[in-house]
Amino acid sequence: MLHEAHLGLDPVQETLLLTLHARALDSRAPEPILGDALSAEFADRIDYDFARLKLKPSLVASTALRARKLDDMVRRFVTAHPDAVVLDLGCGLDTRVVRCAPPSGVDWYDVDLPVVADLRRELLGERSHVVGADVTQPGWLRDVPGDRPAMIVAEGLLPFLPGASFRTMARALTEHLPTGELALNGYTRFAAWAMKYHPTIKALGIDAAEGFDDPREPERWDAGLTLVEEQLLTRAPEVAAFPQPVRALTRLMSHSAALSRQGARVLHYRF
Ligand SMILES: C[S@@+](CC[C@H](N)C(=O)[O-])C[C@H]1O[C@@H](n2cnc3c(N)ncnc32)[C@H](O)[C@@H]1O
């Protein structure tokens with residue numbers, strides 16, 4: 001059992017417990033969307049007052065769904081490129097590498113701040129290359145092969161990279177990696193602003209960074225990114241498994257693209 005006092009996480013790092021808890025709750029739901037029982041196992045091994053995160057059923061469902069959509073993109077990529085490199089940036093304690101079970105020729109890098117990387121090694125062991133680094137500082141990329149197709153995932157990371165740092169990071173990645181895809185959950189400017197009033201984020205005392213509205217904005221980052229698709233998750237078939245009244249509300253929102261964009265959306269680029 002890992003005790004809260006010994007985790008040594010700052011408020012930004014602590015958000016990994018929020019997504020871990022969401023996946024754990026989803027796995028225990030009557031109709032799980034992601035069905036990640038390993039996340040529930042890890043959450044059980046951490047002595048932390050998860051109740052203080054006040055996770056609402058809507059956040060549990062949308063977190064599970066966005067993880068599922070991102071997993072699908074990774075699986076498709078590694079199937080097409082069994083020699084790929086996968087980078088999960090700001091990986092926290094996510095078990096994506098286990099869920100995606102990539103072919104043996106794939107090199108998978110789970111990257112997060114050093115404290116989190118240590119915790120990850122302790123809980124998950126070495127199921128992937130675990131890199132303890134600040135992703136906004138390009139030095140860590142030196143150890144990542146720069147001659148293979150790459151799938152980059154950044155789930156729940158964007159709001160924690162202030163100013164231009166996400167953009168600068170994207171440029172460094174696409175300069176180092178020859179070709180590949182980037183998938184992230186994209187927060188609009190409003191969603192990023194509204195996050196600071198979210199009870200969970202408020203409880204952790206975090207200032208969220210800026211988001212962007214236009215899914216084509218990253219095409220102007222000078223990082224060679226081209227939009228493949230923007231998925232508005234309110235319109236995903238899996239919403240049928242959302243609990244009520246979240247399902248009804250999500251279906252109502254799905255009629256408006258502008259409203260849906262403020263909720264969970266997954267952005268997919270190639271470079
Ligand atoms: C909301 S959590 C998401 C964790 C994981 N992707 C998931 O879905 O469970 C945000 C993660 O970003 C990490 N993070 C924030 N800033 C970072 C940085 N500059 N470099 C590396 N990781 C960072 C935090 O430590 C945390 O694990």
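Buried here means under 20% relative accessible area, exposed over 50%, and partly exposed in between, with a 1.4 Å probe and protein chains only. Keep in mind that this is a predicted model: local features need pLDDT of at least 70, side-chain atom pairs count only at pLDDT 80 or more, and totals for chains, interfaces and linings use all residues. Residues are numbered from 1 along each chain as its sequence is written, and side-chain values use heavy atoms, with hydrogens and water left out.

**Stop 1: strand β6**

Select residues 150–154, which form strand β6. Helices (H or I, at least four residues) and strands (E, at least two) are DSSP runs, numbered from the N terminus. Five of the five residues in β6 are buried, so the strand is largely enclosed by the rest of the structure.

**Stop 2: the neighbours of β6**

Strands count as paired if DSSP finds at least two bridges between them. Zoom in on V153, and you'll find D88 standing opposite. Next bring in β7 (residues 180–185), also parallel to β6 and joined to it by five bridges. In β7, V153 has A183 as its bridge partner.

To see how the chain gets from β6 to β7, show helix α7 (residues 165–176); the three make a right-handed β-α-β unit. Right-handed means that, with the strands pointing away from the viewer, the path from the first strand over the helix to the second runs clockwise.

**Stop 3: β4 and β5**

Select residues 107–112 and 129–132: these are β4 and β5, parallel strands joined by four bridges. D112 pairs with G132 of β5. The link from β4 to β5 goes through helix α6 (residues 114–124), and this β-α-β crossover is right-handed.

**Stop 4: the ligand**

D112 turns up again here: among the 21 residues around the ligand, T19, G90, D112, D134 and E155 come nearest. Being near takes a heavy atom within 4 Å. Which helix gives the most to this shell? Helix α2 (residues 11–27) does, with six residues. By type, the shell divides into 10 nonpolar, six polar and five charged residues. For that count, Ala, Val, Leu, Ile, Met, Phe, Trp, Tyr, Cys and Pro are nonpolar, Asp, Glu, Lys and Arg are charged, and the others, Gly among them, are polar.

Draw some distances next. A ligand oxygen sits 2.9 Å from an N or O atom in the R23 side chain. A ligand nitrogen is 2.8 Å from a side-chain N or O atom of D134, and a ligand nitrogen is 2.9 Å from a polar backbone atom of E155. The ligand taken alone exposes 590 Å², and the protein buries 96% of that.

**Stop 5**

Most residues other than glycine have a negative phi, and most peptide bonds are trans. Go to the loop between α5 (96–100) and β4 for A101, where phi is near 40°, a positive value. A101 counts as exposed, at 56% relative accessibility.

Then jump to D222, in the loop between α9 (199–204) and β8. Phi of D222 is positive too, near 65°, and the residue counts as exposed at 67% relative accessibility.

Finish at the peptide bond between Q244 and P245, which is cis with omega about 5°. P245 lies in the loop between β8 (226–232) and α10 (246–253).

Technical notes:
Polar contact = N/O pair within 3.5 Å; in protein donor to acceptor, adjacent residues only side chain to side chain. Areas by Shrake-Rupley, 256 points an atom, 1.4 Å probe, with all protein chains shown as cover.
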